[in-house]
Amino acid sequence: MQQILPAISLEVTVLILGVLMLFAEAFAKSADRSHMARYAIAVLAALIGFSFFTQSAPTELTGYWKFYSVDATALFFKRIALGTTIVVLVMALEYRHVLQKYIPGVEAGQGTGEFYSLPVFICAGLMFMASAVDFILIFVALELVTIGFYVLVAYMRRNMQSLEAGVKYLILGALSTGFLVYGITWIFGLTGETHLDAIKHALTTGFTAPSAIAEKGLGGLQGNEAALLFGIVLILIALGFKIAAAPFQLWVPDVYQGAPTPVTAFLSVGSKAAGFIVLVRVLDVFLAVPAVAGKVTALLAIMAAATLLYGNLTALTQDNLKRLFAYSSIAHAGYLLMAIVAMSVQPALAKEAVSFYLAGYLLMTLLSFLILIIVARHSRGDELHHFNGLAKRSPFLAFAMTIAIASLAGVPLTVGFIGKFLVFKAAIASGHWALICIAIVAVAAGFYYYIRVIAAMYWQQPNESAPIVIAPLSRLAILILGGAILFLGVYPKPILSQIKEPPQAPRQQ
Amino acid sequence: MSALNLIVLLPILNAIVVMLGAPARKSALLSSWAQLALSILALLNYDRTLGGYQFKTTLHVAPEWNLNLFMGADGLSLVMLFLTALVTLAAVWVTPKIEKRENLFYACVLLISGGAAGAFASLDLFFFYAFHELALVPTFLLIGIWGSGERQLAAWKITIYLAIGSIILLVGLTKLYLAIPVAARTFDMTKLPALAKGISAADQASIYIWLLVGFGVLISLFPFHSWAAPAYASAPTPAAMLHAGVLKKFGLYGLIRLAVPMLPEGAKHWATLLLVLLVCNILYIGLVTIAQKRLDTMLGYSSVMHMGYIFLGIAAGNVIGVSGAAMLMLAHGLSIAALFAMCGTLRQSSPSLAFTSMGGVAKHAPFLGYAFGMAAFASIGLPGFANFASEMMVFFGSFKTGATPGALTFSGLQIATICGLWGVVISAVYMLRAYRKIFQGEPLVGSELVKDPSCCVRWPVILLLAALMLGGLWPKSFLNFIQPSVEALIAK
């Protein structure tokens with residue numbers, strides 16, 4: 001395939017699109033802003049197409065571009081970010097009727113333009129993140145994502161829950177940012193580098209520490225393991241917030257429930273994907289240092305076990321669907337962490353598992369949230385009983401939801417099962433048996449709370465009989481997502497061939 | 001595309017068509033007839049002189065992991081496919097008028113059948129597992145929506161149990177896959193036995209226990225059995241027939257296909273545990289069955305109990321024992337399906353299924369009296385039915401393998417065989433007692449309501465009983481297919 005464009009053109013285009021949307025919000029005459037979202041969807045979809053013509057081979061880069069690297073995996077995650085944003089915008093269109101109730105505006109629809117443009121900026125952040133190989137760019141990209149979310153979570157200005165969620169997310173997000181910067185500082189202080197490859201090189205081959213440490217007679221890693229470990233732990237805490245891993249998960253249920261539902265979906269997919277991309281990058285460096293690899297793995301294993309148990313067991317009793325999905329999102333972070341734990345022994349298997357799981361998780365989470373938004377709008381609520389008898393009111397939605405739920409639970413012939421299989425395979429190959437036993441309990445619990453949704457849709461009588469109208473764009477999105485879940489569950493090759501690690505070319509230092 | 005692909009695809013495609021609004025019962029019946037015809041055709045076309053796996057087709061799914069949708073069948077799988085097709089046809093045929101959401105009902109039934117057929121026809125480990133799981137959600141829906149009694153509780157129980165069993169099984173299968181050297185790793189079940197030779201005894205033991213527990217939960221091996229009886233008692237008739245008759249055999253089929261040829265050392269290591277559990281299955285569950293006061297729960301527990309015999313044949317590990325086990329899978333599947341079909345008829349017309357409130361039913365329903373009697377005799381294991389032939393083989397096989405020349409004491413396997421033989425007595429007690437209470441004696445008030453069923457129930461029951469008698473009077477009809485396959489498995 002001819003590679004005619006540099007990969008960075010994708011991010012630039014997305015940023016320009018975001019800025020144009022802000023201008024449109026400020027100066028457009030018509031009160032209805034929904035056409036902005038439709039244009040944005042068209043542009044983003046076109047960009048996915050363009051991404052196949054961009055340069056994907058790693059090349060020698062200098063100056064600023066040392067921050068930025070492109071390979072097949074990075075491009076894959078850029079496509080994921082674009083696809084996610086498209087679906088989030090479709091959701092935002094469905095949600096605009098709810099949104100208007102809580103926005104002070106002169107005319108209906110006015111003031112909602114930012115609700116469509118902020119996801120575009122977040123998308124740019126996610127795309128930068130996929131290519132970031134330097135702590136500085138990682139930090140900036142992560143903050144671009146997080147700041148966008150601060151605004152979006154609290155977007156419904158007249159809704160107490162949304163505001164409360166916004167404040168909680170702001171405080172805890174700021175805290176985790178602090179941890180991240182502090183951790184990066186420690187690593188920089190130790191090695192004098194912010195570029196991941198350089199840090200790895202320094203940590204594995206021995207180095208002369210920068211003057212501050214050298215003056216005290218401490219050279220190289222020898223004797224500085226504690227400092228390195230301290231930096232790593234701080235970074236892990238910060239990323240723990242982003243991926244909602246126990247014990248840093250307490251903000252999740254309230255924020256997920258309070259935020260506008262499209263934002264919740266974006267949070268649970270985008271924010272988590274961002275966190276895991278960074279986690280894999282960072283751990284790639286730290287696990288290469290034998291002095292700390294064992295300790296870091298042990299720490300991750302404890303986090304994974306706690307996350308699996310907390311997410312799955314607390315989800316058992318939830319009756320609000322947004323909260324249920326919040327806890328299930330914690331649970332899925334647990335499975336992803338389980339694969340991450342295997343990274344020290346089986347890096348290739350683990351990375352494959354994380355990438356595939358994220359891709360699958362995205363499809364099924366977005367599908368379930370999209371249906372949740374449609375049903376919640378027509379049933380005026382997002383409790384489990386609002387789904388009662390959905391099979392009678394709209395067999396199409398009920399069947400699509402069944403596919404999403406079955407995939408989340410990990411029923412074979414869906415993409416969720418292949419993800420779980422890869423995760424278990426990585427864990428088994430690296431021999432973490434205690435973790436596997438916990439994961440078995442977690443999967444069983446998962447079956448219970450996921451199938452409760454199916455039971456509500458098919459076993460119960462509907463509370464109201466009004467038929468559910470689905471917008472054509474949403475119907476198309478549901479068809480594509482549901483079809484992809486089933487198709488990739490039987491034929492995972494399209495994703496597998498994209499995330500397959502190419503033989504590692506030595507990067508220019 | 002071979003006949004084999006069609007046997008699997010027909011019910012699945014039909015389920016989709018039915019969901020889209022095709023006339024449910026008619027198309028389901030049509031596809032089940034076609035499925036049965038195809039499976040018989042496949043049996044007739046199978047070249048027994050050639051042996052091995054035939055009708056192979058492959059669709060490459062993920063070359064990176066050597067993952068293919070690889071289908072093929074040897075004699076054993078063909079017999080299981082025949083069982084699947086026959087029980088599916090019977091289950092669809094006996095289905096009474098469904099009041100609510102008929103299309104969804106038939107789609108679920110067809111999906112269970114397609115999942116079971118897919119598992120039996122797959123030669124790829126991944127799809128072997130995946131097809132079985134396909135049947136999980138439809139089972140849940142069938143019991144939860146159309147069941148009777150404590151249906152929701154039973155549906156939850158079976159789903160959670162089977163989910164745990166499946167995930168344990170998944171871990172075991174993955175362990176097996178990873179135990180093979182990296183370069184040779186494959187999901188191809190035809191190549192695995194040769195590759196598995198290199199697995200050390202310790203690894204075999206650790207893989208075997210995961211497989212045994214995983215499959216054990218699916219088969220209702222003691223002490224993982226408590227989901228089975230309540231689920232079968234409250235499931236709608238076709239679901240009970242298909243699950244007890246066909247789907248449960250997936251676990252046994254898996255043990256014969258994977259554990260017996262590949263993990264002989266593992267089987268040795270855990271032999272005593274398996275023997276204790278299977279004797280519990282026969283004697284303890286047998287006694288539990290005697291204590292039941294309702295026909296549906298009694299049949300449910302009897303189906304759990306009979307799994308013990310099949311485990312005994314697998315534990316024997318020799319050709320005659322394992323062939324007997326495979327034959328018993330067929331025989332049990334046919335007899336329990338027939339019994340559940342007639343139990344469903346009784347449930348529809350009789351005010352209650354409790355033994356104390358029924359009596360003299362045979363007076364008004366002579367066909368039901370004869371047919372139920374025959375199915376009950378088959379289930380006990382009386383000569384003339386396939387169950388007898390296969391139980392004999394199992395007992396001979398296990399007693400013979402357990403014998404040590406010159407020893408004056410019995411080996412564990414022989415003691416288990418002797419305990420197992422008492423199981424036949426126990427089956428006779430509960431089956432005959434149930435038959436006497438329901439069909440004989442003076443008619444109680446309400447029994448006159450039970451009339452002979454229409455031909456929609458008669459013909460399927462006659463078909464099932466005919467297949468049972470064919471296997472009983474001429475066991476070679478099926479053994480000719482089963483035995484060479486088992487020999488090939490064990491020889492490796």
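Biologist: At what angle do helix H1 (residues 8-27) and helix H4 (residues 113-131) of chain A pack?

Modeller: About 165°, with their axes 9 Å apart. This is a predicted model, so such values are computed.

Biologist: Why are H1(A) and H4(A) called roughly antiparallel?

Modeller: Set the angle against the cut-off. Angles over 145 degrees count as roughly antiparallel. The angle here is about 165°. Therefore H1(A) and H4(A) are roughly antiparallel to each other. H1(A) also passes H4(A) in a left-handed crossing.

Biologist: Which residues make the contact between H1(A) and H4(A)?

Modeller: From H1(A), they include Leu10(A), Val14(A), Leu17(A) and Met21(A). From H4(A), they include Tyr116(A), Val120(A), Phe121(A) and Phe128(A). The residues of this contact divide into 14 nonpolar, three polar and three charged. Glu11(A) and Glu25(A) of H1(A) and Glu114(A) of H4(A) are in the contact, and Glu counts as charged.

Biologist: What makes H12(A) roughly antiparallel to H13(A)?

Modeller: The axes of H12 (residues 290-315) and H13 (residues 321-341) of chain A come within 8 Å and cross at roughly 155°. The cut-off is over 145 degrees. That makes H12(A) roughly antiparallel to H13(A). H12(A) passes H13(A) in a left-handed crossing.

Biologist: How many residues of the contact of H12(A) with H13(A) are nonpolar, polar and charged?

Modeller: There are 16 nonpolar, seven polar and no charged residues. Among those that meet are Leu300(A), Met303(A) and Tyr310(A) in H12(A) and Leu324(A), Ile330(A) and Leu337(A) in H13(A).

Biologist: How many residues does each chain bring to the contact between chain A and chain B?

Modeller: Chain A brings 24 residues and chain B brings 25. On the chain A side, H17 (415-430), H18 (433-459) and H20 (493-499) each supply at least two residues. H18(A) gives the most, with 10 residues. That side divides into 21 nonpolar, no polar and three charged residues.

Biologist: Why does Ala130(B) count as buried?

Modeller: Count its neighbours. A residue is buried if 20 or more other C-beta atoms lie within 10 Å of its own. Ala130(B) has 25, so Ala130(B) counts as buried. Ala130(B) is found in H5 (residues 125-134) of chain B. Leaving out residues up to four places away in sequence, Ala130(B) touches Pro412(A) and Leu413(A).

Biologist: How do you know that Ser220(B) is buried?

Modeller: Apply that cut-off of 20 or more again. Ser220(B) has 28 other C-beta atoms within 10 Å, so Ser220(B) is buried. Ser220(B) is found in the loop between H9 (201-219) and H10 (228-234) of chain B. Beyond its neighbours within four places in sequence, Ser220(B) is in contact with His225(B), Ala228(B), Lys248(B), Val304(B) and Met307(B). Ser220(B) and Leu162(B) are 58 residues apart in sequence and 9.6 Å apart in space, C-alpha to C-alpha.

Biologist: Why does the radius of gyration of chain B agree with that of a compact globule?

Modeller: With 492 residues, a compact globule would have a radius of gyration near 23 Å; chain B has 21 Å, which agrees. The C-alpha atoms of chain B fill a box of roughly 70 × 65 × 45 Å along the principal axes. Chain B has 22 helices and two strands.

Biologist: What share of the residues of chain B count as buried?

Modeller: Of the 492 residues, 62%. Contacts in chain B reach along the sequence too. Among those between residues at least 6 apart, 82% join residues at least 24 apart.

Key:
Residues are numbered from 1 along each chain as its sequence is written. Chains are lettered from A and ligands numbered from 1 in the order in which they are written. This is a predicted model: local features need pLDDT of at least 70, side-chain atom pairs count only at pLDDT 80 or more; totals for chains, interfaces and linings use all residues. Helices (H or I, at least four residues) and strands (E, at least two) are DSSP runs, numbered from the N terminus. The radius of gyration is taken over C-alpha atoms; the globule rule is 2.2 Å times the number of residues to the power 0.38. A residue is buried if 20 or more other C-beta atoms lie within 10 Å of its own, exposed if 12 or fewer, and partly exposed in between; C-beta atoms are placed from the backbone. Two residues are in contact if their C-beta atoms, placed from the backbone, lie within 7 Å. Axes are lines fitted to C-alpha atoms, for helices over the stretch in contact, and angles run from 0 to 180 degrees between N-to-C directions. Angles under 35 degrees count as roughly parallel, over 145 as roughly antiparallel, 65 to 115 as roughly perpendicular and the rest as oblique. A crossing is left-handed if the near helix is turned anticlockwise from the far one by less than a right angle, and right-handed if clockwise.
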